[in-house]
Amino acid sequence: MALFTFQTSINLKRHSRLAVTNSQKPQRHFSPPNQSVAAVVFGDAAQQSRLYPLTKRRSEGAVPVAGSYRLIDAVISNCINSNITKVYALTQFNSTSLNSHLSRAYSAGLLANQEFLEVIAAYQSPEDANWFQGTADAMRRCLWVLEQHPAVEFLVLPGHHLYKMDYQKLLEAHRSTRADVTVSVLGSTRDYNTGFGSFNVGSGNRVIGFEKEPDLIPVFQVQGSKFNEKFSSMGIYVINRQVMIKLLKESFPKANDLKNEVIPGAISLGLKVHAYQFDGYWEDMRSIEAYYNANMESTKKTNMKYNFHDRDFPLYTLPRHLPPSLVTDAAITDSTIGDGCILNRCSIRSSVIGPRTRVGDGAVIQDSVIMGSDIYQSVHEQSIGVGEGSFIKKSIIDKNVRIGKNVKIINRDNVLEGNNETNGYIIKSGIVVVLRGAVFPDESIL
């Protein structure tokens, strides 16, 4: 049985209108008094991405997932579903695709109810000729923008994680404890390297120590404190407005990184730093294998760790206005099919097929992710898509790839790790990853 995805665009009546700009000097907005929080979303994790080569020409937040979405859609959707309607997206590395997606997906051209999403791209200025040096540096240099809005708290979010969280519950915990900073951590059963370090938590969920990943080096520990439990950080922080300004401008004016410098520094200064435990599904896309498994989750009919079809907590994205997929005598089982595909007498099993994918007669696709195409192309000998008689298994095929007739992408030598980027592909954890725009002539075998 095939699972066909649906794209959810912004419901203007229920979730309002989000306007997007991409300039250094945004217009001033006036927010309702009950909207005290603004979200700050970082569109990329680092210059050296763990999802390479999918991030060779795009940032992590812009990587497609589940056929119709981008990773950053999960975080923006969490904000919308949590009724957080002031969102800033800070972008830098390979940000063209991400900036375009955000401005097109979350803009209705109106500012109803003063709700907006604003893209702030990295920039140089007469005062600072460098690009953003890290998350703390980016926020410090954007304070002049953030200070224009009367937010009491700032919710800091990585933009490339897949999870569902009601941020209002996190905010309620932050306010009830009267914390200066609240950090979101994974439940005690989730003990692995998230890349954001680990917090030692004492009584009353008070954070009393921090250990830096991956070596678990103690960066700060409260003298004489007895550690009760250790929790992995999710990189999600709620920081009071005045506390953030003081930390970035006065206490740590040279700090570049929030997770390793500013947050541990706040603990060392004796500020009230509290932990909020999250026990739901959370995937930080820490590897190609994790990304592949997250996509495979979208093909399940039951027991989905992340429900892409949740009507109560929907996932929003760019409405592409594509025609329905055209399926001709194809056998499709347990798969997610995006819009505008042309599938001719092929066999597709346990796979994710992105928009505008063309699959030829007799082709077989198994346990794979096909990201699709950005354009439609007339049929000719080497068109974008999967050619007749080709066989693809346990692979990730990036966008706009041309796969000829009778091509086999199957990792025939069972290589676990391999780099053949010059020929258009690499292998990670036994998964073949084909680079964007690669071309494979007829009869090729990988």
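How many bridges pair strand 2 and strand 5 (residues 86-91), and in which sense, parallel or antiparallel? The two strands pair in the parallel sense over four bridges. Here, strands (E, at least two residues) and helices (H or I, at least four residues) are DSSP runs numbered from the N terminus, and two strands pair if DSSP finds at least two bridges between them. The model is a predicted one, in which local features need pLDDT of at least 70 and side-chain atom pairs count only at pLDDT 80 or more, while totals for chains, interfaces and linings use all residues. Residues are numbered from 1 along each chain as its sequence is written, and side-chain values use heavy atoms, with hydrogens and water left out.

Within the pairing to strand 5, Ala39 has Val87 as its bridge partner. Strand 2 (residues 37-42) also runs parallel to strand 7, and six bridges join the two; in that pairing, Ala38 stands opposite Phe154. What about the side chains? In a regular strand they alternate between the two faces of the sheet. In strand 2, Val37, Ala39 and Val41 point one way, whereas Ala38, Val40 and Phe42 point the other way. Six of the six residues of strand 2 are buried, where buried means under 20% relative accessible area, exposed means over 50%, and partly exposed lies in between (1.4 Å probe, protein chains only).

A nonpolar core is a set of buried Ala, Val, Leu, Ile, Met, Phe, Trp, Tyr and Cys residues joined through side-chain atoms within 4.5 Å. In soluble globular proteins, nonpolar side chains tend to be buried together. The largest nonpolar core holds 44 residues, of which Leu90, Met139, Val183 and Phe199 touch the most other members. Apart from this core lies another, of 34 residues, with Val87, Tyr106, Val119 and Met165 among them. The contacts of Phe199 (heavy atoms within 4.5 Å), not counting residues up to four places away in sequence, include Val183, Val185, Phe210, Phe231, Ile263 and Ile267. Glu229 and Lys230 are also among the residues that Phe199 touches.

Helix 7 (residues 241-251) has its own buried set, made up of Arg241, Val243, Met244, Ile245, Leu247 and Leu248. The cover over these residues includes helix 4 (135-141), helix 5 (143-146) and helix 8 (258-268), together with strand 7 (153-158), strand 9 (181-186) and strand 13 (229-240).

Two hairpins follow. Strand 30 (residues 418-420) and strand 31 (residues 425-428) run antiparallel and are joined by three bridges, with Gly418 opposite Ile427. Four residues lie between these strands, and Gly424 in the turn has a positive phi of about 95°. Strand 31 also pairs with strand 32 (residues 431-434), in the antiparallel sense over four bridges; here Ile427 stands opposite Val432.

Where is empty space left? Rolling a probe the size of a water molecule over the atoms shows this. On a 1 Å grid over the protein atoms alone, a cavity is a set of points where a 1.4 Å probe fits but cannot get out, whereas a pocket is an open set with protein on both sides within 12 Å along at least five of seven lines; lining residues have an atom within 4 Å of a point. Grid points are joined across faces, edges and corners, and a volume is the space filled by probe spheres set on the points. Four cavities of 30 Å³ or more are found. The largest has a volume of about 70 Å³ and is lined by 14 residues, with Thr357, Ile370, Gly372, Gly385 and Val401 nearest its centre. The second largest pocket has a volume of about 310 Å³, and among its 15 lining residues Arg70, Arg104, Leu318, Asp374 and Lys399 lie nearest its centre.
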